[in-house]
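Me: I'm new to this one. Could you show me how to read it, feature by feature?

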Amino acid sequence: MVARTTRGHCGVIDIGMGIKGGRIYSTGGSFAFYAIRLGGRVAPSGRVSLRAVAGPRIAKGTGRFRHFAASGTWHGRGPSGLCSGTWSATRV
């Protein structure tokens, strides 16, 4: 999964994402020297809701899985302010 910032100064963030039984979990990635903890759900319809935490920073996102790829939007906050953007993922 890749999260790209379109507003703010969070940059591009690579996050390892796994899904099992409709639950999303992190398989790797860090931001500002903190490991990223990723959680969320994928509904049978493909709708996604997720939450990422890296130290004092928290981001929430929504989106949709279609076949072997997913995409959506996210917004977050941390000590240095607000960020938002888009995310995408492909199945490997």
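This is a predicted model: local features need pLDDT of at least 70, side-chain atom pairs count only at pLDDT 80 or more; totals for chains, interfaces and linings use all residues.

Me: How many bridges join β9 to β10, and which way do they run?

Reply: The general idea is that two strands pair if DSSP finds at least two bridges between them. Here, nine bridges join β9 to β10, and the two run antiparallel. They make a hairpin with two residues between the strands, where H67 takes a positive phi near 55°.

Me: What is the bridge partner of H75 in β11?

Reply: That's S84. β10 and β11 are antiparallel and joined by 10 bridges, and they also form a hairpin, with two residues between them.

Me: Is S84 buried or exposed?

Reply: The cut-offs first: buried means under 20% relative accessible area, exposed means over 50%, and partly exposed is in between, using a 1.4 Å probe and protein chains only. S84, found in strand β11, has a relative accessible area of 17%, so it counts as buried.

Me: What does S84 touch?

Reply: A contact means heavy atoms within 4.5 Å. Not counting residues up to four places away in sequence, S84 touches R4, T5, T6, R7, W74 and H75.

Me: How do β8 and β9 pair?

Reply: In the antiparallel sense, over eight bridges. V53 stands opposite I58 in β9. This hairpin has two residues between its strands, and G55 in the turn has a positive phi of about 60°.

Me: And what about β7 and β8?

Reply: β7 covers residues 37–42, and its antiparallel pairing with β8 runs over six bridges. Two pairs to find on your screen: R37 has V53 as its bridge partner in β8, while L38 stands opposite A52. Four residues separate β7 and β8 in their hairpin, and G46 in the turn has a positive phi of about 100°.

Me: Is A52 buried or exposed, and what does it touch?

Reply: A52, in strand β8, is buried because its relative accessible area is 14%. Leaving aside residues up to four places away in sequence, it touches I36, R37, L38, R57, I58 and A59.

Me: Where do the side chains of a strand point?

Reply: In a regular strand they alternate between the two faces of the sheet.

Me: In what order do the strands form the sheet?

Reply: Nine strands make an open sheet in the order β2-β1-β11-β10-β9-β8-β7-β4-β3, with antiparallel pairing. At the edges are β2 (12–14) and β3, each pairing on one side only. From one strand to the next, the twist averages 25°. For such angles, axes are lines fitted to C-alpha atoms (for helices, over the stretch in contact), and the angles run from 0 to 180 degrees between N-to-C directions.

Me: What lines the largest pocket?

Reply: On a 1 Å grid over the protein atoms alone, a pocket is an open set of points with protein on both sides within 12 Å along at least five of seven lines, and lining residues have an atom within 4 Å of a point. The largest pocket here is lined by 27 residues, with I13, F31, R57, A59 and W74 lying nearest its centre. β8 (47–54), β9 (57–66), β10 (69–78) and β11 (81–90) each give two or more residues to that lining, and β9 gives the most, with five residues.

Me: Which residues lie nearest the centre of the second largest pocket?

Reply: M17, I19, F65, T90 and R91, out of 13 lining residues. β3 (16–20) and β11 are the elements giving two or more residues, and the largest share, four residues, comes from β3.

Conventions: Residues are numbered from 1 along each chain as its sequence is written. Side-chain values use heavy atoms; hydrogens and water are left out. On a 1 Å grid over the protein atoms alone, a cavity is a set of points where a 1.4 Å probe fits but cannot get out, and a pocket is an open set with protein on both sides within 12 Å along at least five of seven lines; lining residues have an atom within 4 Å of a point.
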